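Q: Could we go through this model together, one topic at a time?

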Amino acid sequence: MTRQRGDVVVETRGLCMHFGGVRAVDQVDFTLFDRELRCLIGPNGAGKSTFFKCLTGQLIPTAGEVLIRGQVMTGAEPFDVASLGVGIKTQVPNVFDGLSVDENIWISARRWHDDRRARTLTAETIERLQLGEIRRMQLGRLAHGQRQWVELGMVVAAEPWLVLLDEPAAGMTHEETYRTAELIEEINKTAALIVVEHDMQFIRLISRTVTLFHEGGILMEDTMDAISADKRAREVYLGHRA
Amino acid sequence: MNNIMLRQMRPTFFYALLGLVFMFAAPQVLQLFTIINLTTAISLAVLALSLALIWGYGGILCFGQVAFFGLGAYAYTISAINFGDSTPAILMAVLVTSAFAAALGYFIFFGRVSDVYLGVITLTVTLIFFSLIRRTSGPEYKIGNALLGGFNGVSSPPINLPWNTSSFLFPEQVFYVAMAALILCYLFVGWLVNTRFGRVCVAIRENELRAELLGYDTRLYKLGIFTIGAGIAAIGGVLFCNGVGRITPDVFSLYNAALTIIWVIVGGRGTLIGPVGATFALFYLTSALGGQSVLNNNLVLGVILIVFVLLVPKGVAPTVVDWVNARRQKAPTRAKRRKSARTERME
């Protein structure tokens, strides 16, 4: 299948995720185009992460549909979503703690390629993310920022066409955050991205269009500047900071 | 097999070679009684190896590995009695056991049963076998020509040569077969854990969600390693009933189920030689303890388990490896040389 700029890659229709009486995500219609870079923001409990988990198959939505490249993925398992060529990074770093940096990234590349190619890709990814010094270290021994970084490496090594990142800059130093933003720009050259984030400075670094979540629904969708200028948006999220 | 894999398997080859030397040297120096006893220990080592694979590498805490061991032994015995030939009976034992494990594993893994519940289910299955087969003492419980025999069990026909059903192996010859089987199983498992399949299984053990998010269907991998582990346990069962000469439902007892777990804990998860070595060591310890009446056998095993869980939680083999690595790092020149060798290797 050839991809064109402007194709819809992710679409949700009337997506709902209810936990008992709590409507964590309620009637969300969302569209992402190919090669787009979209940030999801919103206050705590706005439903961003729940929405993210519905997209990645970690939660089965109560109602509504998730379509990825036109394919209905509602209620699919996480590996079904990933098998479409989607790279996913969760909020809490999910890495293989007992394995080395090398092996972590190799396992990711090996999903798609034979051993030789996977090794090359691993070496390339390690160079690209400057992980050479710690490549032999076990993940369990690394600092939080480094673990986040390795997880990003695993996403990159799979050469995805769609990347879903939940708070990639959480707990990173200023320097690491800056590098993450650069990496995201680079990934965006070949893939569409959805980035859930709290860090406003980080969003300003990378954002084109921002979707603002509030109380389980989408409040507005615009550029960061427009959202910062909007009165309603300031009230729900930016508050005193703006 | 590429060069890197061969290098990673070097320790495996080393221990296999050691086993080969032992296989040919032991009958020259040891008495027949000891050799027959050894055959039983070897069969248990194969059982430990199978649990080392699925628990140590697959992260699946199967509390009922003896169920597959016993099922293999029963399937062999019943088939051998009916066929009058041991070669297809061995094949049957492995097939029946693997098929049973695949069916059980299907419900466990595709039903997303995890951790503690998996242990409970596998143990329950074992105990069901235990009470079920104990009750089969009447003449009406027979499969083909084979009477199941209830708690007395069935006597197992000895292994015969593949091309000659009338030439049975003597106990000292069964020892060679058992040792060769152990070495082959050990080499196979050592190879398996270094393949893509094996390494993905280890990744699943480390973090199942991450493996899924990379696009691996973790249920299939877990089912695969579980079924292979059961097949290996069945080979152990075949050797066991040949060593002992009969198979009884006691094989399915809680004591044996727990013992298998103890071997792997003492030997160390994440290694293969550890649990195999621990099986031999504990087998001879319990035999030695059987000759005296001061200390209760189970008491000693219980104390060993507690001591290991508290003081050597990783088990013997991983602790030794850590200790050797720590010593190596203290000697800076050697460490440096090793590091440069490593970087070369990756190029």
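The conversation below takes up a sheet, a helix, a chain contact and some backbone angles.

Q: Before the details, what kind of model is this, and how are things numbered?
A: This is a predicted model, in which local features need pLDDT of at least 70, side-chain atom pairs count only at pLDDT 80 or more, and totals for chains, interfaces and linings use all residues. Residues are numbered from 1 along each chain as its sequence is written, and chains are lettered from A and ligands numbered from 1 in the order in which they are written.

Q: Which strands make up the open sheet in chain A?
A: The order is β6-β7-β8-β3-β9-β10, six strands of chain A with mixed pairing. Strands here are DSSP runs of E with at least two residues, helices are runs of H or I with at least four, and both are numbered from the N terminus. Two strands pair if DSSP finds at least two bridges between them.

Q: And which are the edge strands?
A: They are β6 (86-89) and β10 (217-222) of chain A, each of which pairs on one side only. From one strand to the next, the twist averages 15 degrees.

Q: How does β3 of chain A pair with β8 of chain A?
A: Strand β3 (residues 37-41) and strand β8 (residues 192-196) of chain A are parallel, with four bridges. A:L37 has A:L193 in β8(A) as its bridge partner. Four bridges also link β3(A) to β9(A), again in the parallel sense, and there A:I41 stands opposite A:L212.

Q: What about β9(A) and β10(A), parallel or antiparallel?
A: They run antiparallel and are joined by five bridges. The two strands form a hairpin with two residues between them, and A:E215 in the turn has a positive phi of about 50 degrees.

Q: Which helix lies across β7 of chain A, and at what angle?
A: Helix α1 (residues 48-56) of chain A runs at about 145 degrees to β7(A) and lies across β3, β6, β7 (162-166), β8 and β9 (209-214). Axes are lines fitted to C-alpha atoms, for helices over the stretch in contact, and angles run from 0 to 180 degrees between N-to-C directions. Contact between two residues requires their C-beta atoms, placed from the backbone, to lie within 7 Å.

Q: Switching to chain B: which residues of α6(B) are buried?
A: They are B:L118, B:T122, B:V125, B:T126, B:F129, B:F130 and B:I133. Buried means that 20 or more other C-beta atoms, placed from the backbone, lie within 10 Å of the residue's own; 12 or fewer means exposed, and in between is partly exposed.

Q: What covers them?
A: The cover includes α4 (65-83), α5 (86-110) and α11 (254-267) of chain B. On the face turned away from the buried side are the exposed residues B:V116, B:Y117, B:S131 and B:L132.

Q: How many residues does each chain give to the contact?
A: Chain B gives 16 residues and chain A gives 19. The largest share of the chain B side, five residues, comes from α8(B).

Q: Finally, is A:E167 buried or exposed?
A: A:E167 is buried, with 21 other C-beta atoms within 10 Å. Its phi is near 50 degrees, a positive value in a residue other than glycine.
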